[in-house]
Amino acid sequence: MSRRAIQNAVNKYTAAFGQSNVIRPHKLRHSFAVDFIRNGGDTILLWDQLGHNDIKTTSVYTNMANKDSEKS
């Protein structure tokens, strides 16, 4: 599925539910990654899923998930 197809589908469903804000595919990717880590997902598996070249890029999501859980 292309990036544009995902964006069109998200826009369609957000409009159907009365949402006026635009949700970009990268926001969904980011939300998925943080939620995955928060729920005990493996960083190496996430790294593979996201297709990052460097594990350090993926570890940013681990840091965000940890900071968010500290606020709760």
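Ile6 has its place in helix H1, where helices (H or I, at least four residues) and strands (E, at least two) are DSSP runs numbered from the N terminus. This is a predicted model, in which local features need pLDDT of at least 70 and side-chain atom pairs count only at pLDDT 80 or more, while totals for chains, interfaces and linings use all residues. Residues are numbered from 1 along each chain as its sequence is written, and side-chain values use heavy atoms, with hydrogens and water left out.

**Confidence**
- The chain has a mean pLDDT of 84, with 93% of its residues at 70 or more; pLDDT is the predictor's confidence in each residue, from 0 to 100.
- Within the chain, helix H3 (residues 43–50) has the highest confidence, at 92, and helix H4 (residues 55–71) the lowest, at a mean of 80.

- Helix H1 (residues 3–16) has 14 residues and reaches 20 Å from first C-alpha to last, close to the 20 Å expected at 1.5 Å a residue; the expected span is 1.5 Å times one less than the number of residues.
- Gln7, Val10 and Thr14 are the buried residues of H1, where buried means under 20% relative accessible area, exposed over 50% and partly exposed in between (1.4 Å probe, protein chains only).
- Helix H2 (25–38) is included in what covers the buried residues of H1.
- Ile6 counts as partly exposed, since its relative accessibility is 30%.
- Leaving aside residues up to four places away in sequence, Ile6 touches Met1 and Leu28; contact means heavy atoms within 4.5 Å.
- Ten residues separate Ile6 and Ala16 along the chain, and their C-alpha atoms are 15 Å apart.

**Helix H2 and the aromatic pair**
- H2 has 14 residues and spans 20 Å from its first C-alpha to its last, close to the 20 Å expected.
- Pro25, Ala33, Val34 and Ile37 are buried in H2.
- The structure holds one aromatic pair: Phe32 and Phe36 are tilted, at 5.7 Å centre to centre and 35° between the planes.
- For such pairs, rings of Phe, Tyr and Trp (its six-membered ring) must have centres within 6.5 Å, and planes under 30 degrees apart count as stacked, over 60 as edge-to-face and the rest as tilted.
- Phe32 and Phe36 are separated by about one helical turn because they are four residues apart in helix H2.
- Phe32 is partly exposed, with a relative accessible area of 39%.
- Just after H2, Gly40 has a positive phi of about 85°.

**The largest nonpolar core**
- Seven residues make up the largest nonpolar core: Ala33, Val34, Ile37, Leu46, Leu50, Tyr61 and Ala65.
- H2, H3 and H4 each supply at least two residues of this core, and the largest share, three residues, comes from H2.
- A nonpolar core is a set of buried Ala, Val, Leu, Ile, Met, Phe, Trp, Tyr and Cys residues joined through side-chain atoms within 4.5 Å.
- Not counting residues up to four places away in sequence, Leu50 touches Arg29, Ala33 and Tyr61.

**Thr62 in helix H4**
- Thr62 is found in helix H4 and counts as buried, at 18% relative accessibility.
- Thr62 touches Ile37 and Thr43, again not counting residues up to four places away in sequence.
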